[in-house]
Amino acid sequence: MSVTLYGYWRSLAAYRVRVALNLKGIEYQEIAVDLAAGQQFDAIFDKLNPQHVVPLLIHDGLEISQSMAILEYIDEQWPSPNLLPVHSYDKAKVRALALVTIADTHPLIVPRVRKHLGEHLGLSEDQQFQWARHWFTVGNVAIEKMLIKEARSKTYAFGENLTIADIALVSHAIGATLFKVDMALTPTFEKIGSNCMEIPAFVKAHPLKQAGAPPTI
């Protein structure tokens with residue numbers, strides 16, 4: 001079995017995949033694609049992923065992009081421990097919660113968006129920071145309200161078993177923290193994130209623990 005992850009230390013999407021691989025106990029090689037240096041546009045990576053983003057997972061020669069698709073692929077290929085519930089409705093609820101950050105918040109704050117805001121709309125670095133902070137905050141509030149409405153959160157988002165939703169929520173919480181969003185304002189969300197960060201698989205995958213990461217941001 002060969003598993004290779006193309007990622008980058010600060011990529012929240014790559015973080016999600018690292019967590020899933022760690023939870024499943026899968027050995028993998030990570031190849032860093034320096035997004036800040038523009039390596040995602042190099043000819044070699046362009047052939048692998050024309051979208052020029054990470055993560056990209058290669059399993060025995062099969063290429064899968066997009067973190068949500070990768071998470072579900074990993075869960076189906078290595079089903080223990082399960083990261084999705086058994087029933088269809090519960091699966092849909094887990095996916096919906098995960099996608100609040102994967103599909104709604106995260107795409108608005110990635111470096112290429114902030115770069116566009118700076119280069120084409122003239123936003124300063126401080127304004128770009130405030131842009132990202134705003135959308136993380138909006139995501140936090142939505143997540144908190146969804147968790148309360150569903151009333152399933154205990155140790156984790158959907159009870160006592162980890163799901164893909166927890167992986168997605170922790171990636172969001174890490175990003176929100178880096179942009180100095182006060183997680184104490186969303187206590188249910190904060191509790192779940194804290195519980196997850198007691199698990200080595202989440203800690204080991206943290207952006208600041210990856211090769212090339214600075215000691216602090």
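By class, how many nonpolar, polar and charged residues does the lining of the second largest pocket have? The lining has eight nonpolar, four polar and three charged residues. This is a predicted model.

**Second largest pocket**
- The volume of the second largest pocket is about 280 Å³.
- Its lining is made up of 15 residues.
- Nearest the centre of this pocket lie Asn82, Pro85, Asn161, Leu162 and Thr163.

**Largest pocket**
- The largest pocket has a volume of about 1,200 Å³.
- It is lined by 36 residues, and Ile109, Val110, Pro111, Arg112 and Arg114 are the closest to its centre.
- Two or more lining residues come from each of helix 1, helix 4, helix 5 (111-121), helix 6 (125-150) and helix 7 (164-178).
- Helix 5 contributes the most to this lining, with five residues.
- Sorted by class, the lining of the largest pocket holds 20 nonpolar, 10 polar and six charged residues.

**Helix 4 against helix 6**
- Helix 4 and helix 6 pack with their axes 9 Å apart, at an angle of about 170 degrees.
- The two helices are therefore roughly antiparallel to each other, because angles over 145 degrees count as such.
- On the helix 4 side, the contact uses Lys93, Ala96, Leu97, Val100, Thr105, Leu108 and Ile109.
- On the helix 6 side, the contact residues are Trp131, Ala132, Trp135, Phe136, Gly139, Ala142, Ile143, Met146, Leu147 and Glu150.
- This contact has 13 nonpolar, two polar and two charged residues.
- Ile109 of helix 4 meets helix 6, and Ile109 is also among the residues closest to the centre of the largest pocket.

**Helix 1 against helix 4**
- Helix 1 (residues 12-24) packs on helix 4 (residues 88-109) at an angle of about 155 degrees, with the axes 11 Å apart.
- That angle makes helix 1 roughly antiparallel to helix 4.
- Leu12, Ala13 and Arg16 of helix 1 meet Thr101, Ile102 and His106 of helix 4.
- The contact between helix 1 and helix 4 comprises three nonpolar, two polar and one charged residues.

**Aromatic pairs**
- The whole structure contains five aromatic pairs.
- One of them joins Tyr6 and Phe45, with ring centres 5.8 Å apart and planes at 50 degrees, so the pair is tilted.
- Tyr6 belongs to strand 1 (residues 3-7) and Phe45 to helix 2 (residues 43-48), so this pair ties together parts that are 39 residues apart in sequence.

Key: Residues numbered from 1 in each chain as written. Predicted model: local features only at pLDDT ≥ 70, side-chain atom pairs only at ≥ 80, totals over all residues. Heavy atoms only, no water. Axes fitted to C-alpha atoms, helices over the stretch in contact; angles between N-to-C directions. Helix = DSSP H or I, 4+ residues; strand = E, 2+ residues; numbered from the N terminus. Parallel < 35°, antiparallel > 145°, perpendicular 65-115°, else oblique. Contact = heavy atoms within 4.5 Å. Nonpolar A, V, L, I, M, F, W, Y, C, P; charged D, E, K, R; others polar. 1 Å grid on protein atoms, 1.4 Å probe; cavity = no way out; pocket = protein on both sides within 12 Å on 5 of 7 lines; lining within 4 Å. Points joined across faces, edges and corners; volume = space filled by probe spheres on them. Phe/Tyr/Trp six-rings, centres within 6.5 Å; stacked < 30°, edge-to-face > 60°.
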